[in-house]
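Subject: Structure handover

Hello,

Here is the model I promised to pass on to you. Please open it first, and then read my notes below.

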Amino acid sequence: MAIPTDEQKIERRIVSRFHKGISKYNLIEEGDRILAGISGGKDSLCLLEMLGRRMKIDKPHFTVEAVHIRMENIKYETDTGYLEEFAAQYGIKMHCLTTGFNAHTDTRKSPCFLCSWNRRKQMFMKAQELGCNKIALGHHMDDIIHTAMMNEFFQGHFSTMPAMLKMRKMPLTIIRPLCMVEESDIYRYARYRGYEKQVKLCPYETNSHRSDIRDIFGRIEEMNPEARYSVWNALESEGKLIEV
Ligand SMILES: Nc1ncnc2c1ncn2[C@@H]1O[C@H](COP(=O)(O)OP(=O)(O)OP(=O)(O)O)[C@@H](O)[C@H]1O
C-alpha cells in the first residue's frame with residue numbers, strides 16, 4: 001500500500017475532525033438548508049470545500065449556499081469571481097452582497113464591532129430570504145480556545161463561541177463545523193491546495209489582544225502539547241460548546 005503524502009495525511013485529519021465535530025455536536029441534520037459565511041480567507045474556503053464534499057455523501061441530505069459580504073466603506077479587495085468559481089466546483093451558489101456602516105454615527109462602538117454587527121445582520125437576512133435554517137461559520141478549534149481565554153481574562157466569564165448556537169429570536173442556528181479542526185492543519189492544507197490569498201486592506205484591522213493570546217497559548221502548548229485538549233474538555237464538561 002502506498003505511503004500517504006503529507007498533504008494526504010493533513011487532508012484525512014481535517015476530513016475526520018470535520019466529521020467528528022459534526023456528529024459529536026449534531027451540527028447537520030437531514031433536510032438542513034445551510035448558508036455558509038465566506039470571507040475569502042483560508043478558514044472559510046476550507047469550510048466551503050468540506051461542506052461541498054460532505055453534501056455529496058448520501059445521509060444526512062442537506063443543501064448549502066454561500067454568502068460573501070463586502071463593506072462599501074472598507075477597502076476590501078476580495079476577488080468575487082474566484083469565490084464564485086471556488087463554490088461552483090462543489091455545486092454551491094455564492095451570493096455576493098455589499099453593505100456598509102458609518103463609523104461616525106455611534107462613536108461608543110468600535111468600527112470592528114459595527115462592521116461585524118452589520119455583517120451578521122446581512123447574513124441573518126439573507127439566510128431567511130433563502131429559507132435557510134442554519135448559518136455555518138469558519139471558526140476552528142484555535143479560534144474557540146483563544147476566545148475562551150480572552151473571555152476569561154478580559155471579560156471575567158468562562159464561555160466561548162459555541163459549536164452550535166440556537167438563536168432565540170429567529171428560527172436560525174449558528175454552526176461551526178470546523179470546531180474540532182486545528183488551525184495549523186488548515187494553514188498547511190490551504191497552501192497545498194493553492195487557495196488564493198485574498199487581499200484584506202481593512203484600515204481598522206488591529207486585533208492585538210487576539211494575536212497576543214495566540215502567542216501566549218503557543219507558549220503554553222510548548223509546555224504542554226496536550227493543553228488544547230485540556231481547555232476543550234473543560235469547555236465541554238461545562239456545557240459551553242452547545243447553546244440551545
Ligand atoms: N465578509 C464576510 N462575508 C461572509 N462571511 C464572513 C465574512 N467575514 C467573516 N465571515 C465569516 O465569519 C467567520 C469568522 O470571521 P473572521 O474574520 O474572524 O475570519 P478568520 O478567522 O480570518 O477566517 P477566514 O480565514 O475565513 O477569513 C469566517 O470564517 C466566515 O465564516
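**What I found**

Asn26 sits in the loop that links α1 (6–24) to β1; helices (H or I, at least four residues) and strands (E, at least two) are DSSP runs, numbered from the N terminus. Before going further, please note that this is a predicted model, in which local features need pLDDT of at least 70 and side-chain atom pairs count only at pLDDT 80 or more, while totals for chains, interfaces and linings use all residues. Residues are numbered from 1 along each chain as its sequence is written.

Asn26 has a positive phi of about 50°, although it is not a glycine. Asn26 counts as exposed because it has 12 C-beta neighbours inside 10 Å. The cut-offs are these: a residue is buried if 20 or more other C-beta atoms lie within 10 Å of its own, exposed if 12 or fewer, and partly exposed in between, with C-beta atoms placed from the backbone.

Another backbone detail to look at is the peptide bond from Lys59 to Pro60, which is cis, with omega near -5°. Pro60 belongs to the loop between α2 and β2.

**The chain as a whole**

There are 8 helices and 9 strands in the chain. The radius of gyration is 18 Å, close to the 18 Å that the globule rule gives for 244 residues, so the chain is as compact as a globular protein of that length. (The radius is taken over C-alpha atoms, and the rule is 2.2 Å times the number of residues to the power 0.38.) The C-alpha trace spans about 60 × 45 × 35 Å along its principal axes, and 30% of the 244 residues count as buried. Among contacts between residues at least 6 apart in sequence, 79% join residues at least 24 apart; two residues are in contact if their C-beta atoms, placed from the backbone, lie within 7 Å.

**The sheet and its helices**

What is the strand order of the open sheet of 7 strands? The order is β4-β2-β1-β5-β7-β6-β9, with mixed pairing; two strands pair if DSSP finds at least two bridges between them. The edge strands, each pairing on one side only, are β4 (93–99) and β9 (242–243).

β1 is mostly covered, with 4 of its 5 residues buried. β1 pairs with β2 in the parallel sense over 5 bridges, and Arg33 has Thr63 in β2 as its bridge partner.

α2 lies across β1 (33–37), β2 and β5 (134–136), running at about 160° to β1. For these angles, axes are lines fitted to C-alpha atoms, for helices over the stretch in contact, and angles run from 0 to 180 degrees between N-to-C directions.

**Around the ligand**

Which residues are closest to the ligand? The shell holds 15 residues, and the closest are Gly37, Ser39, Gly41, Ser44 and Gly138; a residue belongs here if its C-beta atom, placed from the backbone, lies within 6 Å of the molecule. α2 (42–55) and β2 (63–71) each supply at least two residues of this shell. By class, the shell has 4 nonpolar, 7 polar and 4 charged residues. Ala, Val, Leu, Ile, Met, Phe, Trp, Tyr, Cys and Pro count as nonpolar, Asp, Glu, Lys and Arg as charged, and the others, Gly among them, as polar.

- Thr80, in helix α3, is partly exposed, with 14 other C-beta atoms within 10 Å. Leaving aside neighbours within four places in sequence, Thr80 is in contact with His68 and Cys96.
- Asp185, in helix α6 (residues 183–193), is partly exposed, with 19 other C-beta atoms within 10 Å. Not counting residues up to four places away in sequence, Asp185 touches Ile10, Arg13 and Ile14.
- Trp232, in helix α8 (residues 227–237), is partly exposed, with 19 other C-beta atoms within 10 Å. Trp232 and Ile145 are 87 residues apart in sequence, and their C-alpha atoms are 7.1 Å apart in space.

Best wishes
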